[in-house]
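Dear colleague,

Please find below the model that I am handing over to you. My notes on it follow directly after the structure.

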Amino acid sequence: MEFVGFSLRNNLFVAPMAGVTDRPFRQLCKKMGAGLAVSEMVTSNSLLYGSAKTQRRANHDGEVEPISVQIAGSIPAMMAEAARHNVDRGAQIIDINMGCPAKKICNVMAGSALLRDEPLVGQILAAVVNAVPGTPVTLKIRTGWDKTNRNALTILKIAEQSGIRALAMHGRTRACGYTGQAEYETIAAVKAQARIPIIANGDITSPEKAQQVLAATGADALMIGRAAQGRPWLFREIEHFLATGTHLLPPSVSEIHKVLLAHLEDLYDFYGIETGVRVARKHISWYTRGLVGSAAFRHGMNLLPDIATQQRAVNDFFYALAERNEHLSYIQTENDNDIEELAA
Ligand SMILES: Cc1cc2nc3c(=O)[nH]c(=O)nc-3n(C[C@H](O)[C@H](O)[C@H](O)COP(=O)(O)O)c2cc1C
C-alpha cells in the first residue's frame, strides 16, 4: 500500500509497545510479513537523550525502511525538539503517542491523558508538524478519555487541520485500560469522516479477526500489538488470508525453534549479554505459550543466568517437543493454565 509517501508491502502494522518493539522485534516482524513497525515510544525529555535506553530506542541500524519513531510528551516545544532529534537520527515518520494509558505517562499529562485537553492537542500537533517539514507525522489515539467522552472525531479534525498524515486508533477509551472488548464503531465513524488514512487497532488476534475489523471499520490499515508477541508469523498468516481467503499452515515446531534462536541472537547482540538474557526471557515465554510442557519450562528458564544455559534450555525444550509431534504441538495445550495464558 501507499502510506504517507512510502510504498509498503501491505497494510499490516506492528503497534508500538514499550519494552517489546525494539529493533530486533521490529525487524523480525517486518521479515515475517509486517508492512510497517512503529518503534517503542521515545521520550521528549532531552535530558534523557544520552541514556543507554533512549539511545538504544533511537538505534535503527540495518532496519527495513521506512523507519517510524514514536514520541511522547505534553510540552509542544519539547515534542518539536524530540521530532527534530529523531529525524536527525534516521526517523522517516514521526508518530505521536496520545494512546498510552500507562500511569507513568498519564500522570505527567501525556499519552492518552492529552485527549482531555483539545487545545493542547492542537498545539502539540502543529509544533511537531512544523518542526520536521518533509517528514510525515502520524498520530496514535484511543477513542477518547472515557466512555462519555469519546472525542475521537474532534481529534481527527484537529489532526487534519494540523497536517497530521494518518491516524491510528485503539478501540478503547483511556479509562478502559485493556479491559473489555475493543469496539470498532468509533473507528468506523472516524473513518467515515476522515480525509487521512485510518489505522484500526485493538484485539486483532487472527486472520479472521483482521478481516472482520477491516470490514467493520473500513480502515485503511490494521495495527497489531499483543497478538504478535511470540508470534511474529501472524503477519504473514493475515497477509495470506486477506489475499487468498485460505489459511497458511501454522509454523512447525522446528520453524518456531529456528525463528526463536535467531531472535535470541539478535537480542544478545543488541542489548549485550546481561540485559539481552533478561529481555530474552519474556520473548521465550511468549513463543512457548500454549505449547506442551511450557509452564514448567518457563518457570525454570527464568532462573537461568547466561546465554549458554538459556540457549541450551530452549534447544532441549524444542527438541523434546519435536520428538512428540512435529506438526500439532503448537495447537495442543498442556492444561487449563496454558489456555488461560493464551487468552490473557
Ligand atoms: C507492553 C505494551 C506496551 C505498549 N506501549 C505503547 C507505546 O509505547 N505507545 C503506544 O502508543 N501504545 C503502546 N501500547 C498500546 C499498543 O500500541 C496497542 O494500542 C494496544 O496494545 C492495543 O492493541 P492490541 O490489542 O493489538 O495489543 C502498548 C501496549 C502494550 C501491551
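At what angle do helix 3 (residues 76-88) and helix 5 (residues 118-131) pack, and how far apart are their axes? In this predicted model the angle is about 30 degrees and the axes are 8 Å apart; axes here are lines fitted to C-alpha atoms, for helices over the stretch in contact, and angles run from 0 to 180 degrees between N-to-C directions. Helix 3 is therefore roughly parallel to helix 5 (angles under 35 degrees count as roughly parallel, over 145 as roughly antiparallel, 65 to 115 as roughly perpendicular and the rest as oblique). Helices (H or I, at least four residues) and strands (E, at least two) are DSSP runs, numbered from the N terminus.

The crossing of helix 3 and helix 5 is right-handed; a crossing is left-handed if the near helix is turned anticlockwise from the far one by less than a right angle, and right-handed if clockwise. On the helix 3 side, Pro 76, Ala 77, Met 79, Ala 80, Ala 83 and Arg 84 take part, and they meet Gln 123, Ile 124, Ala 127, Val 128 and Ala 131 of helix 5. Two residues are in contact if their C-beta atoms, placed from the backbone, lie within 7 Å. Nine of the residues in this contact of helix 3 with helix 5 are nonpolar, one is polar and one is charged (Ala, Val, Leu, Ile, Met, Phe, Trp, Tyr, Cys and Pro count as nonpolar, Asp, Glu, Lys and Arg as charged, and the others, Gly among them, as polar).

Some remarks on numbering and confidence are in order. Residues are numbered from 1 along each chain as its sequence is written. As the model is predicted, local features need pLDDT of at least 70 and side-chain atom pairs count only at pLDDT 80 or more, while totals for chains, interfaces and linings use all residues. The average pLDDT (the predictor's confidence in each residue, from 0 to 100) is 89, and 90% of the residues score at least 70. Over residues 328-344, pLDDT stays under 50, and the model has 25 contacts beyond four places in sequence for this stretch.

The domain assignment, which is automatic or from a database, gives domain 1 (2-244) and domain 2 (253-331). Their C-alpha centres lie 29 Å apart. Seven residues from domain 1 and nine residues from domain 2 form the contact.

Helix 10 (residues 253-271) packs against two other helices. Its axis and that of helix 13 (residues 307-324) come within 10 Å and cross at roughly 170 degrees, so helix 10 and helix 13 are roughly antiparallel to each other. Their contact includes Leu 260, Leu 261 and Leu 264 of helix 10 and Val 314, Phe 318 and Leu 321 of helix 13. The residues of this contact comprise 10 nonpolar, three polar and no charged.

With helix 11 (residues 273-288), the axis of helix 10 comes within 8 Å and crosses at roughly 155 degrees, which makes these two helices roughly antiparallel. The crossing of helix 10 and helix 11 is right-handed.

Two backbone details remain. Glu 65 and Pro 66 are joined by a cis peptide bond, with omega about 0 degrees; Pro 66 is in the loop between helix 2 (52-57) and strand 5 (68-72). Val 4, although not a glycine, has a positive phi of about 40 degrees, and Val 4 lies in the loop between strand 1 (2-3) and strand 2 (6-7).

With kind regards
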